[in-house]
Amino acid sequence: MTEPLAISFTETDLETVAEASGVVVVFAESGRNLGLAGRRVNRLTHGALKRAVESEAFAKLDHGSALRLEWPAGMAAELVLLVSLPRRCEISVARKAGATIARALGAKGGLVLAESHARAAEVSFGLALRAYRFNYHSAETPAYGPVRFMANNPEKLAQEAQPLAALAEGVFFTRDLVNEPANILTTSDFAARLAAMQELGLDVEILEEADLETLGMRALLAVGQGSESPSKVVVMKWNGGAEEPPLALIGKGVVFDTGGISIKPGAGMEEMTMDMGGAGTVAGVMRTLALRKARANVVGIVGLVENMPDGRAQRPGDIVTSAKGVTIEVINTDAEGRLVLADVLWYAQEHFAPRAMIDLATLTGAVIVGLGHDNAGVFSNDDGFAGDLLKAARQEGEGAWPLPLQPSYDRLIKSRLADIKNSAGRPAGAITAATFLKHFVAPEVPWCHIDIAGVALPPTETELAPKGPTGWGVMTLNRLIADKFEG
């Protein structure tokens, strides 16, 4: 997988700043005097840094943004980056500052004069996230040099940064999975990558098609029956807590979605390699929990299928029986993700009796129409649980917005021939998809469904990610688990 940027923490030694190559970063706050490190750089640059801090341009900067002093006289560095960062700032501002530093980096890396800034660890985290580069299939992707944080107490800073480094690796794992093309990330390859996490302490089980048939997962199997890639369910268990039921995380893992017989338009279909984004997020969370030795019991279950048109593929009008026993009329074979999730949700409840469940899926284009690419859509049968999830998302700066799940929507998915149908057309498309899933969740189990179709692979870069997959949800769910499920 993509390795996070090499970041180290060393004791403050201002005598070596003049020889530092690449980018030298100084934190400052408008209207305040420069610290020791800033004064050292100001002397080396013959007063240029002080003039910059006192300038109108610096005063107008948003916190976390920076002024650039190119090729500073008196220093070996190619750039001094003057970052507007208050001594007391929100986590989001510190991470933004880290992302600003990442955008300025080159092959020679950099030196961050962190001194005793209270949010230096969060700066390093934002820097690592924004410096992500997926370069497995191109020799042209530029590499960043290492970054050194010079701090008054480097041991303490390294300790604060350690769990954030685990989180960055989880995010990177998710981004890598979403980036991989479908001819490489087949269902078998995906399962093998998850099985490899047994080395981290996860207990991983792979359910093959024969197992799924025995379990009655005919809704899931119907989605993949037109593909040469075998359908699978992968169960990942992290048992870090006391003897208590686990939190269950469920992910949609459609490694490629043509739409099946209800085939999608050709334009943009290449992006359907991202239709396993929910499963990717679950995998990234499980990796994070193992790396940081979370004191919680969590099971991550992903349904891995490929939706292809073929002589064996399911057709519009087919009726399939789910693992729960609910019959489903297939109106549109491109509404396939909910069929996968239906069986996996039921399996999670039957085999693990979870204290709560969260599923994630790139489920509908309708959620993009409603919320764009800034927010995931959140549906729930428990307002308190949904509130905890939304709070975690706000704390991590990942956009999420609650959407309704009223009983009145049930009539829209009523089928003439079966118990329910898998599509009700365009009106309230994201809501009727969530309503479909609700039929496979026991009312007493707190549950959230998160539609991440708009945030998993936005069309432009984001604050903490270059253009491409964001790894949305890994930070939110890690925060939720740390706050609500760890003893």
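What follows is a conversation that sets values beside the definitions of the terms.

Mentor: This is a predicted model, in which local features need pLDDT of at least 70 and side-chain atom pairs count only at pLDDT 80 or more, while totals for chains, interfaces and linings use all residues. Residues are numbered from 1 along each chain as its sequence is written, and side-chain values use heavy atoms, with hydrogens and water left out.

Trainee: What makes β7 and β15 the edge strands?

Mentor: The open sheet has eight strands in the order β7-β8-β10-β9-β13-β17-β14-β15, with mixed pairing. Strands are DSSP runs of E with at least two residues, helices are runs of H or I with at least four, and both are numbered from the N terminus. Two strands pair if DSSP finds at least two bridges between them. β7 (203-207) and β15 (400-402) each pair on one side only, and that makes them the edges.

Trainee: How do you know that β7 pairs with β8?

Mentor: Five bridges join β7 to β8 (residues 232-239), where at least two are required. The two strands run antiparallel, and Ile-206 stands opposite Val-234 in β8.

Trainee: Why is β9 called mostly covered?

Mentor: Buried means under 20% relative accessible area, exposed means over 50%, and partly exposed lies in between, with a 1.4 Å probe and protein chains only. In β9, 11 of its 11 residues are buried. β9 is joined to β10 (residues 297-307) by nine bridges in the parallel sense, with Gly-251 opposite Val-302 in β10, and β9 also pairs in parallel with β13 over five bridges.

Trainee: Why is the unit of β9, helix α10 and β10 called right-handed?

Mentor: A crossover is right-handed if, with the strands pointing away from the viewer, the path from the first strand over the helix to the second runs clockwise. The β-α-β unit made by β9, α10 (residues 277-291) and β10 is assigned that hand.

Trainee: What makes α11 and α14 roughly parallel?

Mentor: Axes are lines fitted to C-alpha atoms, for helices over the stretch in contact, and angles run from 0 to 180 degrees between N-to-C directions. The axes of α11 (residues 337-352) and α14 (residues 429-438) come within 9 Å and cross at roughly 30°. Angles under 35 degrees count as roughly parallel, over 145 as roughly antiparallel, 65 to 115 as roughly perpendicular and the rest as oblique, and α11 and α14 are therefore roughly parallel to each other.
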